[in-house]
Amino acid sequence: MYANRLLGIKPSKSMAMAQKVQELSKTQNILDLTWGQPDFDTPDHIKQAAINAILSGKNGYTPSSGILELRKAISKYYELIYGTLYDPDSQILVTPGVKQGLMYIMQAIINPGDEVILFEPYWLSYTDMIAFNSGIPKAIPASMNLRPDVDVLENAITPKTKAIVINNPINPSGYIYNYEELLHIVQLAEKFGLYIISDEIYGQISFKKFISMVEFENIRENLILANGFSKAYAMTGWRVGYLLGPESVISKISLIHQHTATCASSPSQYAALAAIEGEQKSVHKMTDTYMERRNVLVAGLKNTLFKVIPSDGTFYMMVQVPELPSGYTNNAVYLLNEFGIACVNGQSYGESASKYVRFSLTLSEKQILDVIARLDYKKKK
Ligand code: PLP
C-alpha cells in the first residue's frame, strides 16, 4: 500500500485541463488559454550554448549545487539589479526547475503539523507540496479584486506557523505586491521568527515596478528565494531554477538535492548561463508582447459581462464569470462548453477565486480578439 502522505494529494488541475483540451481540439476549434508556459521558443543564443556544451563534452554530472559559472552569474545578477550579495559557494543552489526547488524548501523546513501561510489566489502546487510534507497549508482569502490580504496576516499566525509563502508577481492574477505590503510581511516574519519563501519566477515579466524580497536586508536570514529560467526566457522544458538563502538553510536543502537529483542537467545549466549573461532584449520583447495582449483583452472585455482584473505582470489574468446558468457548477467547464474557450477554473487557486477563471495570454493577439468576439457575442444574444 502506498504511503499515507499521498492521501489527499490531487493531480495538477491545470495539467488535467490542458490534456482535456488537447483531446477536444482534435474535433473543435478551441481557444486554449490554459497554458502555463510562453508561446515563444527559447531564444537562439540560449539553444546554441546548450549545443556547444553538448558538443564540447559537458555531458557528465556537474557539481551538485550547479556549475560555478552559473552560480557566479546569478550572484552577479542579483548584485547588479538589487545591490545585494549572495555567495555563489554557500548561498546559491541550482535546481532542476523552480518547482523542484520549492519542494526541497518544504522538505527541508516543515515538521509534521507545521503551518505554512499563503495568500489566495495562490499557485496551485503550493498547498499540495506543503501537505505532501505533512504540513498544513493556511490560506488567507483574498480581499477586493483578488488582492492578497496582507492586513489579516498577523491573525493567521499561530505558534505552529513555520513560514509564509509569497509569489510575486502572482500566478494566477498577475498582481505585483507594493512596498508597504512586502514590508508588512517582512516585519511580521521578523517579529514571529518565520521563514519567508518568496517565489519570484515571474519577476522579470512585470509591467510596473517589481520589488524583490532580497531588497529587505533585515529578513535575509529568514528568506529563501526561488527563481529560475522557465518563464522569462521561455525555457520551461530545460528545467533550471535556483534558490537563494542563508547558508544554514541552503546547506540542508543541498543534502536533499544531492540525494534526489544529484544536479540539474548539465547542458541546461550552460543554456541558463547564456540566458542570464546574454542579451536581455528577447525577455523585454516577450514581456512587451504579454503586456500588449493584456491591454487588448482588458479593452475588449470592458463592455461585456466578463470583468477582468488587469494584471501587473506574468502572462496570466483573472476574469470574473457572470452567474452560471443552471446545470453548471464549474466556470471553466461552462466557458469550454458554451464558448469553446479553455481556461483554468478559479477555485483551483483558493475559494475566494471561485467566481473567476484564469486566462493565459500565451496565444496570438488575433486569437485574443477571437476570445473577445466569442464572449461579446454571447452577451448580445
Ligand atoms: N512557481 C510558479 C508560481 C509557477 O507558476 C511555476 C510554473 O508554472 C513554477 C513555480 C514552476 O516553475 P519551473 O517550471 O521552473 O519548475
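**Salt bridges in a predicted model**

Some ground rules. This is a predicted model, where local features need pLDDT of at least 70, side-chain atom pairs count only at pLDDT 80 or more, and totals for chains, interfaces and linings use all residues. Residues are numbered from 1 along each chain as its sequence is written, and side-chain values use heavy atoms, with hydrogens and water left out.

Now the terms. A salt bridge is a side-chain nitrogen of Lys or Arg within 4 Å of a carboxyl oxygen of Asp or Glu. Helices (H or I, at least four residues) and strands (E, at least two) are DSSP runs, numbered from the N terminus. Buried means under 20% relative accessible area, exposed over 50%, partly exposed in between (1.4 Å probe, protein chains only).

Back to our pair. Asp114 is buried, at 12% relative accessibility. Lys162 is partly exposed, at 24%.

Next pair. Glu115 bridges to Lys138, with the closest N and O atoms 3.9 Å apart. Glu115 is in strand S3 and Lys138 in strand S4 (residues 136-140), so they tie together parts 23 residues apart in sequence. Glu115 is buried at 8%. Lys138 is partly exposed at 35%.

How many salt bridges does the structure hold? Twelve. Bridges with shared partners join Asp41, Asp44 and Lys47 into one network.
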